[in-house]
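Thanks for coming. I will go through one model this morning, taking charge pairs, surface and pockets in turn.

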Amino acid sequence: MFTQIITPTEKSIILEVPEELRGKTIEITMNDIGENGQKRFSSVEEVLSHFTAIRLDTKGWKFNRDEANER
């Protein structure tokens, strides 16, 4: 993955594609990262796509308070 943050001063920009991405299908996305440099996400799915932690399916799972408090 390749990320570059720029502040365009003109309507058009020229992108140089890194050598390792030449010949591959790539996606180019533009986002306003705001004044403080923090990226803004448009959906929950977009936020979750940036996390690489293990995801667990908790459907049907019940919390057992007594079991949790056993010593």
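By salt bridge I mean a side-chain nitrogen of Lys or Arg within 4 Å of a carboxyl oxygen of Asp or Glu. Keep in mind that this is a predicted model. With that cut-off, the structure holds one salt bridge.

Which residues form it? Glu-19 pairs with Arg-22, and their closest N and O atoms are 3.5 Å apart. That distance counts because the limit is 4 Å. As background, side chains of opposite charge can pair when their charged atoms come close. Glu-19 and Arg-22 are both exposed.

Next, the surface. There is a nonpolar patch of about 530 Å². Its members are Ile-6, Ile-13, Leu-15, Val-17, Ile-26 and Ile-28.

I want to stay with Ile-28 for a moment. Ile-28 lies in the segment before helix H1, which spans 44-48. Is Ile-28 buried or exposed? Its relative accessible area is 58%, so Ile-28 is exposed, the cut-off for that class being over 50%.

Ile-28 also turns up in the next item, the largest pocket. What is the volume of that pocket? The value comes out at about 1200 Å³. The pocket is lined by 28 residues, and those closest to its centre are Phe-2, Thr-3, Gln-4, Ile-28 and Thr-29. By type, the lining divides into 15 nonpolar, eight polar and five charged residues.

Val-44 sits in helix H1. With a relative accessible area of 55%, Val-44 is exposed. Val-44 and Asn-31 are separated by 13 residues in sequence and by 15 Å in space, C-alpha to C-alpha.

The other position is Asp-57, in the loop between H1 and helix H2, which covers 65-69. Asp-57 has 63% relative accessibility and therefore counts as exposed. From Asp-57 to Gly-34 there are 23 residues in sequence and 34 Å in space, again C-alpha to C-alpha.

That is the list; I will take questions now.

Technical notes
Residues numbered from 1 in each chain as written. Predicted model: local features only at pLDDT ≥ 70, side-chain atom pairs only at ≥ 80, totals over all residues. Heavy atoms only, no water. Patch = residues over 30% accessible without salt bridge, like charges linked within 9 Å, V, L, I, M, F, W, Y side chains within 5 Å. Areas by Shrake-Rupley, 256 points an atom, 1.4 Å probe, with all protein chains shown as cover. Helix = DSSP H or I, 4+ residues; strand = E, 2+ residues; numbered from the N terminus. Buried < 20%, exposed > 50% of the residue type's maximum accessible area, 1.4 Å probe, protein only. 1 Å grid on protein atoms, 1.4 Å probe; cavity = no way out; pocket = protein on both sides within 12 Å on 5 of 7 lines; lining within 4 Å. Points joined across faces, edges and corners; volume = space filled by probe spheres on them. Nonpolar A, V, L, I, M, F, W, Y, C, P; charged D, E, K, R; others polar.
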